[in-house]
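Me: I would like to learn how to read the features of a protein model, one at a time. Please give the general idea first and then the case at hand.

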Amino acid sequence: RAIFSPSPSCLSLSPRCPLPAPHTCQGLAPCLPEEGQVNTSGPRLLLATPHPASGSSAAMDRIVSALLLSLLLLLQSYGVYGAPPQPRGTLCRTKPTDLVFIIDSSRSVRPHEFEKIKVFVSQVIEGLDVGPNSTRVGVINYASAVKNEFSLKTYQTKAGLLQAVRRIEPLSTGTMTGLAIQFAISRAFSDSEGARVRSPNFNKVAIVVTDGRPQDGVQDVSARARAAGIEIFAIGVGRVDMHTLRQIASQPLDDHVDYVESYSVIEKLTHKFQEAFCVVSDLCATGDHDCEHVCISIPGAYKCACKEGFTLNSDGKTCSACSGGSGSALDLVFLIDGSKSVRPENFELVKKFINQIVDSLEVSEKQAQVGLVQYSSSVRQEFPLGQFKNKKDIKAAVKKMAYMEKGTMTGQALKYLIDSSFSIINGARPGVPKVGIVFTDGRSQDYITDAAKKAKDLGFRMFAVGVGNAVEDELREIASEPVAEHYFYTADFRTISKIGKKLQMKICIEEDPCECKSIVKFQTKVEDLINSLQQ
């Protein structure tokens, strides 16, 4: 029996599956409407439906038809290079923008790495509203010379842009970044190439992607570009010169300078740039606000509130059921990797990570005490538990911490934590919960198993945070049980702030949980954390 009728009835299916009603596909094709339903929005896929039949053959026909529909819809849902397009919230629209990518294809960028840049560019384009009256996109490819791959006026559709990006080939010579930026000013953002007259209604944006030190000057030409109204984002990869990125980028630098360890993870920046071009009137509606209870939208921003019977904690986002929100007694020691692989600019991000967690604590002689230890080839106590009695002094001491820049003796550091940091002579209090946060970016150069086990056997609650080349097995060995709640990893130092949000610690006393705030509710939020890190 033929599955498809010679005179079929047709269903119009949207690839985004907007139909709200539950369908009758029994899980095989969840986007398939019921017979007779027609969706008129979005691109359509016309599919024939089988004639009614009886018995097992008819049932098999329906299953096969449903499977075929599922497969076709799955294929439709995939974007450029076989990767699913990054979704934006329904309230997100992009402000009309003249956007020019300035991409480094010097000889240090290998062919397979250049393909990763093209994927990143394509995925950013996927999230834009492309058109002559919305966003226009151009691409400059540079090495020793500059090549205008296509200008702002060349393509007026998303499909045309994506096809053009696929065709770009690397130049594989030197690194004349300043020359490329000058080309953007004089040519790419000119009226003749499709740029619009400078206006508050339009943004002019350049995204520079590079992996090395330029062979020409960038400071003056970047200043001229910014003075001409061009907002510049600078993305550095691998052994890039961070000082150069800061010379190129617009202010504030924290928002306009990005660094990734390798081209293999550059795609994770896609979400950031989709958000950067997104204009929303209701920030609470995006769902990306971290308010524990209630989000209240205000013009251009939002604030958090709590349900009746709860009070807003000092972090401005979480809520406590306990009047006064007093914190419990806690001895917390940070064990920080200061090895040379971290690099100075990333070490500054680690210090911000520490202070982010300190901000969430109630610091006093009777509540939280904080100690800090840095390690590399040796171990150095920066300050012991109880030396500082308030957050301000702790944060100031963290900011002054000097970078050691040597090896990675994590086992030796764990032993120091056990023998010294949590000893009474160094400020630890008997009977008070002990928490250790170990931060590392690479494989330990010594043995960690015995010290990691002993720390947990002594009742210390151990959290392991790994970045970059950190070894997953070592992190799991350090972390307390359940490991999923005590172990975190991210490929990029710039995302550690997301981990910090989840490590706002308070140890609850089981007999009376209202004597303190709870530890971050990992079991309910760990999945959200993993998802955010994967993005």
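Reply: Start with burial: a residue is buried under 20% relative accessible area, exposed over 50%, and partly exposed in between (1.4 Å probe, protein chains only). Helices (H or I, at least four residues) and strands (E, at least two) are DSSP runs, numbered from the N terminus. This is a predicted model, in which local features need pLDDT of at least 70 and side-chain atom pairs count only at pLDDT 80 or more, while totals for chains, interfaces and linings use all residues. Residues are numbered from 1 along each chain as its sequence is written, and side-chain values use heavy atoms, with hydrogens and water left out.

Me: Which residues of helix H4 are buried?

Reply: Helix H4 spans residues 177-188, and its buried residues are Thr177, Gly178, Ala180, Ile181, Phe183, Ala184 and Ala188.

Me: What covers the buried residues of H4?

Reply: Contact here means heavy atoms within 4.5 Å. The cover includes four strands, S4 (97-104), S5 (136-142), S6 (146-150) and S7 (203-210). It also includes helices H5 (219-227) and H6 (242-248).

Me: How should I read a nonpolar core?

Reply: In soluble globular proteins, nonpolar side chains tend to be buried together. A nonpolar core is a set of buried Ala, Val, Leu, Ile, Met, Phe, Trp, Tyr and Cys residues joined through side-chain atoms within 4.5 Å. The largest one in this model has 32 residues, and those touching the most other members are Phe101, Phe120, Ile125, Ile207, Val209 and Phe273. Two or more residues each come from S4, helix H2 (111-126), S5, helix H3 (158-166), S7 and strand S8 (230-237). H2 gives the largest share, six residues.

Me: Which residues does Phe273 touch?

Reply: Leaving aside residues up to four places away in sequence, Phe273 touches Phe120, Val124, Ile207, Phe233, Ile235 and Asp258. There is also a second, separate core of 30 residues, with Leu372, Val435, Phe463 and Phe488 among them.

Me: How do I read a sheet?

Reply: Strands of a sheet pair through backbone hydrogen bonds, either parallel or antiparallel. Two strands are taken as paired if DSSP finds at least two bridges between them. In this model six strands make an open sheet with mixed pairing, in the order S17-S16-S15-S18-S19-S20. Strands S17 (379-383) and S20 (487-490) are the edges, each pairing on one side only.

Me: In which sense do S15 and S18 pair?

Reply: Strand S15 (residues 330-337) and strand S18 (residues 434-440) pair in the parallel sense, over six bridges. As one case, Val333 has Gly436 in S18 as its bridge partner.

Me: How many salt bridges does a search of the whole structure find?

Reply: A salt bridge is a side-chain nitrogen of Lys or Arg within 4 Å of a carboxyl oxygen of Asp or Glu. The search finds 18 of them. One joins Asp258 and Lys272, whose closest N and O atoms are 2.3 Å apart. Asp258 sits in strand S9 (residues 257-260) and Lys272 in helix H8 (residues 270-276), 14 residues apart. Asp258 is buried at 4% relative accessible area, whereas Lys272 is partly exposed at 23%.

Me: Which parts do other salt bridges link?

Reply: Asp254 and Lys352 meet at 3.7 Å, N to O. That pair links helix H7 (residues 253-256), which holds Asp254, to helix H9 (residues 344-359), which holds Lys352, 98 residues apart. Lys395 and Asp359 meet at 2.8 Å, N to O. Lys395 lies in helix H10 (residues 391-400) and Asp359 in helix H9, so this pair ties together parts 36 residues apart in sequence. Salt bridges also link Asp98, Arg196 and Lys204 in a network.

Me: What should I look for in the backbone?

Reply: Most residues other than glycine have a negative phi, and most peptide bonds are trans. Ser172 lies in the loop between H3 and H4, and Arg343 in the loop between S15 and H9.

Me: Which peptide bonds are cis?

Reply: The bond from Gln251 to Pro252 is cis, with omega near -5 degrees, and Pro252 is in the loop between H6 and H7. The bond from Glu481 to Pro482 is also cis, with omega near -10 degrees. Pro482 is in the loop between helix H13 (472-478) and S20.
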